[in-house]
Amino acid sequence: NNSGNYWLGTFGGGLNFLEMKIPSFSHISTDSFPASLNNPIVFNINRLNKDEFLIGTYGGGVNKLNMKIGKEQVFTTNNSNIVSNYITEIVIENDSTYWFGSDGKGISKYNPINNVFTNYDVSNTKKLASNFVKCMMMDSYKNIWVGTLKGFCNIQNVGNVEGKFYSDSFLNVSTRALLELEPGKILLGTHGEGVIIHDIQKNSFEKIANPLVSNKQVTELYLD
């Protein structure tokens, strides 16, 4: 975070908070107090403000966590219209729009002001390549890009970008990572085709030469 501390999401151990100045290590899980989670498998951490976080869990939906007062809200299929309890990605577009990507059920677009969910899957939109969401990203133009098990797509069109599933043969592979290189250029990390650069305005795709990448199965991207 902005204070130089670290939040760590774990597979079964909840959240861990590493404060660097002291240093100290604290643990937030299903039995912690005052802040706790309804599920210890954490796939995504997003900060709303100084005290509030949105935590995507694998099995417990989304937890809205306040570090001062504890758990404020939980969104599951039992108490809301969220698309799934298995949340793999979260994108905060603005104060009135959150995007939740799931493992097998598509995407939820949530308006926290009106408490309304709008759900997308392959049965109701051609913009989505697969219901299995592996990564999501919002670019500088507020377009929402989604990497899925079966390809890369743009779920929300802004400006001149048409929301669609890109069906080029080499993009039908699983897209595991997305990164904005600069406004108008998106880097894709794929499972089998290495790294691809997408130019939005030209609607072009360029593979980075294989000898420059040690493995065609790319799981993460980071801009130095």
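I count two strands as paired if DSSP finds at least two bridges between them. Strands are DSSP runs (E, at least two residues), and helices are H or I runs of at least four, all numbered from the N terminus.

**Ground rules.** I am reading a predicted model, in which local features need pLDDT of at least 70, side-chain atom pairs count only at pLDDT 80 or more, and totals for chains, interfaces and linings use all residues. Residues are numbered from 1 along each chain as its sequence is written, and side-chain values use heavy atoms, with hydrogens and water left out.

**Whole chain.** I looked up the secondary structure and found 19 strands and zero helices. Of the 224 residues, 47% are buried. Buried is under 20% relative accessible area, exposed is over 50%, and partly exposed lies in between (1.4 Å probe, protein chains only).

**Sheet E8 to E11.** I traced an open sheet of four strands, ordered E8-E9-E10-E11 and paired antiparallel. Its edge strands, each pairing on one side only, are E8 (87-94) and E11 (116-120). Next I checked E10 (residues 107-111) against E11: they pair in the antiparallel sense over five bridges. Which residue of E11 stands opposite isoleucine 107? I find tyrosine 120 there.

**Aromatic pairs.** Rings of Phe, Tyr and Trp (its six-membered ring) pair if their centres lie within 6.5 Å; planes under 30 degrees apart are stacked, over 60 edge-to-face, and the rest tilted. I get twelve aromatic pairs by this rule. Tyrosine 58 and tyrosine 86 are edge-to-face, at 4.7 Å centre to centre with 75° between the planes. Tyrosine 58 sits in the loop between E5 (52-57) and E6 (62-66), and tyrosine 86 in the loop between E7 (70-75) and E8, so the pair ties together parts 28 residues apart in sequence. Tyrosine 58 is partly exposed at 24% relative accessible area. Tyrosine 86 is also partly exposed, at 39%.

Tryptophan 99 and tyrosine 120 count as stacked because their ring centres are 6.2 Å apart and their planes are at 20°. Tryptophan 99 belongs to E9 (residues 97-102) and tyrosine 120 to E11, so this pair ties together parts 21 residues apart in sequence. Is tryptophan 99 buried or exposed? I find tryptophan 99 buried, with a relative accessible area of 1%. I also noted a cluster in which ring pairs link Phe75, Tyr98, Phe100, Tyr110 and Phe117.

**Serine 174.** I located serine 174 in the loop between E15 (164-165) and E16 (175-182). Serine 174 counts as buried because its relative accessibility is 6%. Contact means heavy atoms within 4.5 Å. Leaving aside neighbours within four places in sequence, serine 174 is in contact with Lys134, Thr148, Leu149, Gly189, Thr190 and His191.
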